[in-house]
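Let us go through this structure by asking what backs each label. Each answer sets a value against its cut-off.

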Amino acid sequence: MNLKLPLTPQTNGLKMNNGQDLATGSHQAAQRQVRVQLTSQHEELALPDNTGPILVPTGLRRYALSTLVNNLLGNDKPIPFEFLINGAFLRTSIDEYLTANGISSETTLEIEYVRALIPPLHIASFEHDDWVSAVDVLSASSLASADSSSRSQHQERILSGSYDGLLRVWNMSSQVIAMSPSPTDGGHTSSIKAAKFVSPNSIVSAGLDRTVRLWKYSESRDGFSGKIAPQLELYGHKSGINSLAIHAPSNRILSSSADHSVGFWSTKKSDAPAAPETLLPSAGSRMSKRRKLNTPVSVSQRGPLALLSSHTAPVSAAIFDANDSTVGYSASWDHSLRTWDLVTANLVDTRITSHSLLSLEHLPDHHLLATGTSARHITLIDPRASATTISAMTLRGHTNAVVTLARDPNSTYGLVSGSHDGTCRIWDLRATKTDKGAAVGDSVYSISRRSLEEDSKTNSKRVGGEGVKVFSVCWDREVGLLSAGEDKRIQVNRGDVLSSS
Amino acid sequence: MPALKASKKRKAVTRDVEEEAEPFSGDELGAGDLGGDLSDNAHELSSDEDDSDSEIELIDDFSDSEDENGEEELDSDEIPSDGNDSTVIEKGPGTTFPPGDSSKGNPSSSKEEEEQPNYRIEKDANGNDRYIYDEINPDDNSDYSDVDEDGNTIGNIPLSFYDQYPHIGYDINGKKILRPAKGEALDALLDTIEIPKGWTGLTDPSTGKPLELSQDELELLRKVQMNEIPEEGYNPYEPLLEWFTTEKEIMPLSAAPEPKRRFVPSKHEAKRVMKIVKAIREGRILPYKPPTEEDEEEKALIKYDLWADEGERPDHPMHIPAPKLPPPGYEESYHPPPEYLPDKKERKAWEEADPEDREQEFLPNDFGSLRKVPGYENFVKEKFERCLDLYLAPRVRRSKLNIDPESLLPKLPSPEELKPFPTACAAVFRGHKGRVRSIAVDPTGIWLATGGDDGTARVWELLTGRQLWSIKLSDDEPVNVVRWRPGKDALILAAAASDNVFLAVPPITDPETEQASLEVLDAGWGYAASKPAPRDAGEEKKSTSPQWIRPSGALTDSGVCAVIPLRYVAKSISWHRRGDYFVTVCSGSSTPASVAIAIHTVSKHLTQYPFRRRIKGGGPPQTAHFHPSKPILFIANQRTIRAYDLSRQLLVKIVQPGARWISSFDIHPTSSTAAGGDNLIVGSYDRRLLWHDLELSQRPYKTLRYHRKAIRAVKFHPGGRYPLFADASDDGSLQIFHGNVTGDMLSNATIVPLKVLKGHKITGELGVLDIDWHPREAWCVSAGADGTCRLWM
């Protein structure tokens with residue numbers, strides 16, 4: 001069945017929210033119309049089955065199409081949609097798209113519509129005493145709580161690791177529920193660089209003091225106070241640890257260190273081998289001795305299951321494969337991205353790029369690894385052996401090193417990156433264009449630091465991201481987009497659609 | 001033309017008249033002559049015979065043939081006057097003897113007619129017979145002519161018939177024409193008589209009187225001689241009377257309309273054409289010769305085409321093609337559009353301008369139509385000048401060097417191809433109060449050490465700009481220089497503040513490395529303690545040699561392990577590649593020369609002063625570096641850089657950069673490793689950055705003057721992974737260069753300026769004080785006088 005779009009006044013039965021937009025759109029190319037088939041992957045958004053191809057003017061843009069779909073669905077509250085033709089977002093009018101791709105307007109266009117990403121608005125800022133280097137979220141949908149569904153929906157917790165060596169657990173009303181002990185009481189002796197929830201009851205953190213520490217996290221009944229108690233100290237790295245990756249079901253941790261090695265750890269005391277003696281603080285120098293003297297708490301010390309060392313420069317990030325916990329990936333300053341078989345601790349594959357790699361994230365649905373570089377862009381690398389090209393796509397837009405990446409929990413195409421230039425950028429792999437034979441992506445949204453907007457109206461652009469560097473991002477379906485940075489805050493941003501769905 | 005003809009006719013007539021008039025005019029003169037004639041008559045008979053005979057013979061000869069005539073002329077040499085006679089006859093055949101001539105010619109011609117036709121057969125160019133008819137004498141053949149009244153009427157009989165008579169004939173009136181007097185008697189008389197004007201010495205055969213020319217005839221002769229028109233009063237330039245002109249008369253000669261025949265094709269012509277056509281059709285006229293015979297001939301003949309294989313030949317070496325001129329434009333037109341015509345002002349300006357200064361050689365001119373275009377006034381002048389050119393300026397082919405100057409420049413790659421190199425500021429390190437004097441990235445590339453005017457040395461996390469460790473080395477004196485010990489086995493920082501050099505192990509590393517570092521530093525204590533003798537000996541030798549001491553408690557807690565009291569302010573520290581030695585230079589002018597340069601051995605806690613005297617020329621030493629692979633120490637003073645072989649204790653090389661005051665220098669990390677020689681970069685306070693190839697010359701290979709102010713520091717990228725070097729200047733900028741050194745001895749280093757990095761603020765006339773490179777990456781750090789350090793990547 002052909003559904004004529006109401007263009008003429010007499011057939012204007014469907015009430016358009018933005019009729020004038022449609023009218024102007026149709027005005028320009030009133031003669032040209034194209035048959036489109038609108039589809040959606042989401043069942044709740046799908047049009048009725050009997051909806052056949054629709055004849056629409058080619059002058060329409062995203063907004064008009066979105067209005068049209070909302071009308072067809074009969075939504076009271078319009079949902080913004082994005083439109084995909086052949087896997088790429090429609091950024092121009094249909095007419096321009098047809099012209100650019102040399103498609104005849106006689107053909108029926110298959111257009112898929114998806115919920116548009118709402119510009120993430122600033123929700124809250126959590127103030128810290130020092131630079132915040134790590135942030136993680138515990139919520140119903142977060143990775144850590146995936147196996148333990150015991151927690152109730154409304155107890156989201158935010159974990160932050162700071163350069164002052166302290167871990168903090170926040171609730172959503174920006175109150176500190178729990179704080180890790182000071183160095184004298186068994187806490188980190190130096191800055192924390194990475195912190196993650198392993199499970200709702202345990203936290204792992206690592207930092208410049210070269211140790212990975214497991215903490216037991218417990219909360220009081222009312223949920224307004226908690227305790228972070230040291231559980232396990234993991235020794236093995238000889239230099240600062242840059243990142244941590246958790247695989248909760250198998251109780252495994254991957255750490256990446258500036259000593260050119262990737263550490264593979266177990267969270268269980270029984271699994272882990274003994275700690276190497278030489279690296280224990282007790283074996284250290286005069287200063288460590290003194291520190292050790294006034295450490296009353298004795299915590300179990302363990303060593304790594306394996307130290308994967310073939311990198312020739314500091315390893316900036318190590319992650320598990322999202323589907324296969326026996327596969328790990330690591331990115332390093334030596335420009336290489338390496339694939340590890342974690343069972344045998346063997347190096348499987350090495351991909352050499354042309355820049356220092358500073359961050360890593362796995363996009364399992366596309367078999368891609370996103371890695372942020374010191375050359376201010378994000379490279380998407382296919383780690384499979386069959387892939388011929390090293391770089392599948394390049395996402396450009398940052399003006400400083402890209403040091404952290406996180407997946408979009410709502411979309412398999414989404415990605416958020418944090419950079420030393422003081423911005424987080426949201427990317428969609430479908431919003432690409434081909435430039436000089438290579439696919440180049442453009443960021444969908446750019447989130448700047450709230451502190452920058454508050455502080456200095458005059459000097460909104462900081463050289464080298466001074467004072468506003470983003471060190472860590474985390475994207476949770478419930479809580480939203482969290483970013484931690486040099487401005488001593490965790491910034492929470494959220495688009496409306498994230499909460500409404 | 002008819003007028004001309006008429007005048008000619010008239011002229012002929014008048015001439016006749018004149019000739020007729022001649023006897024009258026010459027009457028008075030002729031009276032004497034006649035008298036003479038008469039007197040002569042009697043005794044001229046015999047003598048005259050020969051003459052008359054000869055005359056007749058002559059006339060016959062004429063009619064016969066030219067050849068005979070010529071022979072006759074040759075034969076008749078007896079009387080020269082005879083020739084004169086003949087000329088007279090020749091001269092006036094038409095006038096004086098027309099009847100005789102014709103009568104004489106006719107019989108001969110009739111005879112000839114019987115024997116031969118009136119044409120000759122000749123071969124023309126094609127080999128065909130050609131009939132050439134004799135020219136028809138246009139004279140009328142009639143025997144009637146103007147009868148000369150004085151003429152002899154004897155007719156066509158030989159004069160010899162009258163030889164025995166006193167007369168020679170009869171005139172028209174029947175009177176005897178008496179033979180004029182002749183002979184010796186007369187000669188005597190004639191001698192006495194003046195030769196009258198017009199005397200010719202000839203005898204008029206018709207009258208027998210001596211032929212004398214009248215005044216008019218003389219005048220006529222003169223005119224003929226002078227190529228003048230003989231006719232008196234004839235105007236050769238009479239105004240032309242145009243009967244038919246292009247001008248349309250108001251009253252035309254004929255008002256008759258053009259006859260129709262002017263417009264219709266001629267029937268007669270059509271007839272004739274049809275005749276020819278018919279003849280062609282019938283085959284009577286063959287348009288072409290039948291080719292059959294020729295074809296056969298051609299088959300028989302072997303023809304050679306000499307030019308069959310002729311290719312296009314190159315032009316003559318001296319051939320110079322004429323320059324191609326642009327096609328003429330509107331301005332050259334004889335009838336240009338009005339906008340091209342110069343107005344009065346322009347015309348005046350053009351006329352007043354010197355011909356050489358004129359933009360154009362001509363002025364556009366409107367003539368209306370092509371007919372009205374006059375001759376080119378400069379035609380002759382131009383041709384003349386062209387000839388002068390050809391004559392005075394011969395064409396010489398000059399072998400011009402046809403080289404594109406661009407191609408002579410060395411091919412420099414574009415900066416885009418030379419990536420990576422630092423392009424933007426990635427981090428700012430803030431914390432120092434006052435200037436940051438020195439900066440160094442540790443061998444692992446994770447930490448950054450700085451030293452500044454606030455007396456602190458600090459260690460930072462390179463990527464994030466986080467300060468990790470700080471130590472106050474001096475209360476009021478600045479930390480002049482900080483340098484990490486090379487090698488990844490230990491982490492030791494050497495810092496010079498005030499009079500001391502501090503060796504510290506920052507507590508940022510793991511226990512193993514820390515332990516190793518401490519061991520490296522502590523080994524010397526034991527050496528010094530166990531072997532006091534050499535130190536004593538050294539003390540005896542040079543009492544100034546300092547002892548290493550343990551730092552105070554506070555410093556020890558902070559990580560300082562050893563202090564070397566130098567007693568003078570060290571401005572430069574440079575480690576040996578292996579990390580066991582480092583050289584300090586106290587460049588203050590008050591420092592004694594013997595202690596200005598010190599080499600410190602870490603493993604022995606030993607300080608030595610290798611130079612006892614000041615290096616000649618160039619003031620106090622500025623800085624010193626060890627050669628990356630050879631045991632050579634480079635020492636720079638203000639003017640020169642000297643290379644000393646430490647093992648042989650020799651001066652190896654002196655480099656003279658030509659700078660007035662050297663601030664810093666660096667040795668290329670791959671110097672002398674492969675095949676290439678040592679390469680040095682030198683920065684100077686007089687704004688110059690100099691590249692030295694030591695193999696090439698003592699003088700700089702390249703001088704780069706891009707900074708506006710003094711250059712403070714220069715540094716090669718260590719390790720040779722990236723062929724980069726950078727300099728830091730007081731104008732607040734860093735400049736990044738690509739300097740590729742090849743192993744090939746023949747090829748020079750390529751130096752490409754890549755990037756100017758700006759960001760440091762100029763504080764107190766000082767900009768960037770020190771730079772360093774990341775050991776692996778193309779990242780660069782700089783220390784500024786504004787209290788910040790920056791990471792560029």
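Q: What does A:Gly485 touch, leaving aside its neighbours within four places in sequence?
A: A:Gly485 is in contact with A:Trp131, A:Val132, A:Arg449, A:Lys469, A:Val470 and A:Phe471. Contact here means heavy atoms within 4.5 Å. This is a predicted model.

Q: Why is A:Gly485 called buried?
A: Its relative accessibility is 0%. Buried means under 20%, so A:Gly485 counts as buried. The residue is found in strand β34 (residues 480-485) of chain A.

Q: How far apart are A:Gly485 and A:Ser472, in sequence and in space?
A: They are 13 residues apart in sequence. In space, C-alpha to C-alpha, they are 6.8 Å apart.

Q: What makes up chain A, in helices and strands?
A: Chain A has six helices and 35 strands. Of its 501 residues, 56% are buried. Among its contacts between residues at least 6 apart in sequence, 58% join residues at least 24 apart.

Q: Why is the pair A:Arg338 and A:Asp334 called a salt bridge?
A: The side chains meet at 3.4 Å, N to O. The cut-off is 4 Å, between a side-chain nitrogen of Lys or Arg and a carboxyl oxygen of Asp or Glu. The pair therefore meets the definition. Both A:Arg338 and A:Asp334 are buried.

Q: What makes B:Glu219 and B:Arg222 a salt bridge?
A: Their closest N and O atoms are 2.8 Å apart. The limit is 4 Å, so the pair counts.

Q: Where do B:Glu219 and B:Arg222 sit in helix α8 of chain B?
A: They are three residues apart in that helix, which covers residues 215-225. That spacing separates them by about one helical turn.

Q: Why are B:Glu219 and B:Arg222 called partly exposed?
A: B:Glu219 has 28% relative accessibility. B:Arg222 has a relative accessible area of 34%. Buried means under 20% and exposed means over 50%. Both values fall in between, so both residues are partly exposed.

Q: How do you know that B:Arg648 and B:Asp645 form a salt bridge?
A: Their closest N and O atoms are 3.1 Å apart. The cut-off is 4 Å, so the pair qualifies.

Q: Which labels do the accessibility values of B:Arg648 and B:Asp645 give?
A: B:Arg648 has a relative accessible area of 55%. Exposed means over 50%, so B:Arg648 is exposed. B:Asp645 is at 8%. Buried means under 20%, so B:Asp645 counts as buried.

Q: Which residues do salt bridges that share partners join into one network?
A: A:Asp129, A:Asp164 and A:Arg168. Over all chains, the structure holds 34 salt bridges.

Q: Why does B:Ser498 count as buried?
A: Its relative accessibility is 15%. The limit for buried is under 20%, so the label holds. B:Ser498 lies in the loop between β13 (493-497) and β14 (500-504) of chain B. Beyond its sequence neighbours within four places, its contacts include B:Ser474, B:Tyr568 and B:Ala570.

Q: What makes up the contact between chain B and chain A?
A: It takes 37 residues from chain B and 37 residues from chain A. The area buried between them is about 3,100 Å². Carbon and sulfur atoms give 51% of that area.

Q: How many salt bridges are there between chain B and chain A?
A: The count is four. One salt bridge between these chains pairs B:Glu461 with A:Lys193. Their closest N and O atoms are 2.6 Å apart. The limit is 4 Å, so this pair qualifies.

Q: Which elements of chain B each supply at least two residues of the side that touches chain A?
A: They are β7 (425-430), β11 (466-472), α14 (511-530) and α16 (553-558). By class, this side has 17 nonpolar, nine polar and 11 charged residues.

Note on methods. Residues numbered from 1 in each chain as written. Chains lettered and ligands numbered in written order. Predicted model: local features only at pLDDT ≥ 70, side-chain atom pairs only at ≥ 80, totals over all residues. Heavy atoms only, no water. Buried area = accessible area lost by both parts, 1.4 Å probe. Helix = DSSP H or I, 4+ residues; strand = E, 2+ residues; numbered from the N terminus. Nonpolar A, V, L, I, M, F, W, Y, C, P; charged D, E, K, R; others polar. Buried < 20%, exposed > 50% of the residue type's maximum accessible area, 1.4 Å probe, protein only.
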